[in-house]
Amino acid sequence: FQMVNGELIAIIKNENKQAVNLDIKVEFYDENNQFIHEAEEYAFGVGEGREVAVNFYDTPENFATYKLYADASKTYAVTFFDKVELTHSNNGESIIAQVKNNAGTVIDSMEVAVVYYKEGKPIGYEYDLESSVKADRSANFELDYPVDKNYREIPFDTYKVFLNTAESYQN
């Protein structure tokens with residue numbers, strides 16, 4: 001877990017033997033260890049052994065410590081991580097990601113996230129979602145470079161792209 005531009009980023013790995021939904025809660029405390037805020041994010045259809053990246057946009061500015069809880073529950077979605085192909089590149093203006101649907105059926109939801117790093121530390125996060133990706137087609141994503149709170153670009157030296165979900169709620 002890292003702070004980036006005043007927001008908490010969590011990279012969580014599904015250690016279960018099946019795909020799960022994750023309910024991720026963070027309790028924030030002040031310097032007197034008094035509770036001040038709770039934030040919650042979800043990751044749906046996280047494949048076995050896969051990592052997802054989530055960002056807590058409503059991280060309070062004045063917290064001193066936090067406690068994180070990640071609860072996994074069985075997903076009733078069909079996941080397609082083994083039937084998609086993720087490619088990505090840096091075009092000098094943004095990160096371009098493409099997820100090819102090789103499943104032979106429509107995939108209801110695909111989410112891609114990118115975490116930007118400078119000297120090994122996360123300095124930015126972006127994500128995007130595509131719906132109803134037809135068989136033999138691709139979901140295409142353009143993920144902006146990280147910016148600070150004044151919308152100035154933050155330089156980075158590496159990035160990692162995460163396929164957070166590739167799922168459908170069909171038989």
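Reply: Glu51 is partly exposed, at a relative accessible area of 31%; on this scale, buried is under 20%, exposed is over 50% and partly exposed lies in between, using a 1.4 Å probe and protein chains only. Before going on, a word on the basis: this is a predicted model, where local features need pLDDT of at least 70 and side-chain atom pairs count only at pLDDT 80 or more, while totals for chains, interfaces and linings use all residues. Residues are numbered from 1 along each chain as its sequence is written, and side-chain values use heavy atoms, with hydrogens and water left out.

What does Glu51 meet? Its side chain joins that of Lys160 in a salt bridge, with 2.7 Å from N to O. The term asks for a side-chain nitrogen of Lys or Arg within 4 Å of a carboxyl oxygen of Asp or Glu. Lys160 belongs to strand β13 (residues 158-168) and Glu51 to strand β5 (residues 51-56), so their pairing links parts that lie 109 residues apart in sequence. Strands here are DSSP runs of E with at least two residues, and helices are runs of H or I with at least four residues; both are numbered from the N terminus.

Staying in strand β5, you will find Asn55. Asn55 is buried, with 4% relative accessible area. Its side chain makes a polar contact of 3.0 Å with the side chain of Glu7; that means a pair of N or O atoms within 3.5 Å, where within protein one must be able to donate a hydrogen and the other to accept it, and where residues adjacent in sequence count only if both atoms are side-chain atoms. If you set aside neighbours within four places in sequence, Asn55 is in contact with Glu7, Leu8, Ile9, Glu41 and Tyr125, contact being heavy atoms within 4.5 Å.

One of those partners, Glu41, falls within β4 (35-46), an edge strand that pairs on one side only. The sheet in question is open and has three strands in the order β4-β3-β6, with antiparallel pairing. Two strands pair if DSSP finds at least two bridges between them. Strands of a sheet pair through backbone hydrogen bonds, in either a parallel or an antiparallel sense. The other edge is β6 (65-74). Ten bridges hold β6 and β3 (residues 20-29) together in the antiparallel sense, and Glu27 stands opposite Lys67 of β6. On average, neighbouring strands of this sheet are turned by 15° against each other, direction ignored; the axes are lines fitted to C-alpha atoms (for helices, over the stretch in contact), and angles between N-to-C directions run from 0 to 180 degrees.

Strand β13 pairs with β10 in the antiparallel sense over nine bridges, with Thr158 of β13 as the bridge partner of Tyr117. Strand β10 (residues 107-118) is mostly covered, since ten of its twelve residues are buried. Strand β10 is also joined to β11 (residues 121-133) by eleven bridges, again antiparallel, and there Ser109 has Ser131 as its bridge partner. Two residues lie between the strands in the hairpin of β10 and β11, where Glu119 takes a positive phi near 55°.

Glu153 is exposed at 54% relative accessibility, and apart from neighbours within four places in sequence it is in contact with Tyr145, Pro146 and Val147. Strand β12 (138-144) is an edge strand, as is β8 (84-90), in an open antiparallel sheet with the order β8-β9-β12. Seven bridges join β12 to β9 (residues 94-101), with Phe141 as the partner of Ala97.

How many salt bridges does the structure hold? There are four. Besides the pair of Glu51 and Lys160, they include Asp148 with Arg152, at 3.1 Å between the closest N and O atoms, and Lys83 with Asp82, at 3.7 Å. In that last pair, Lys83 is partly exposed at 38%, whereas Asp82 is exposed at 64%.
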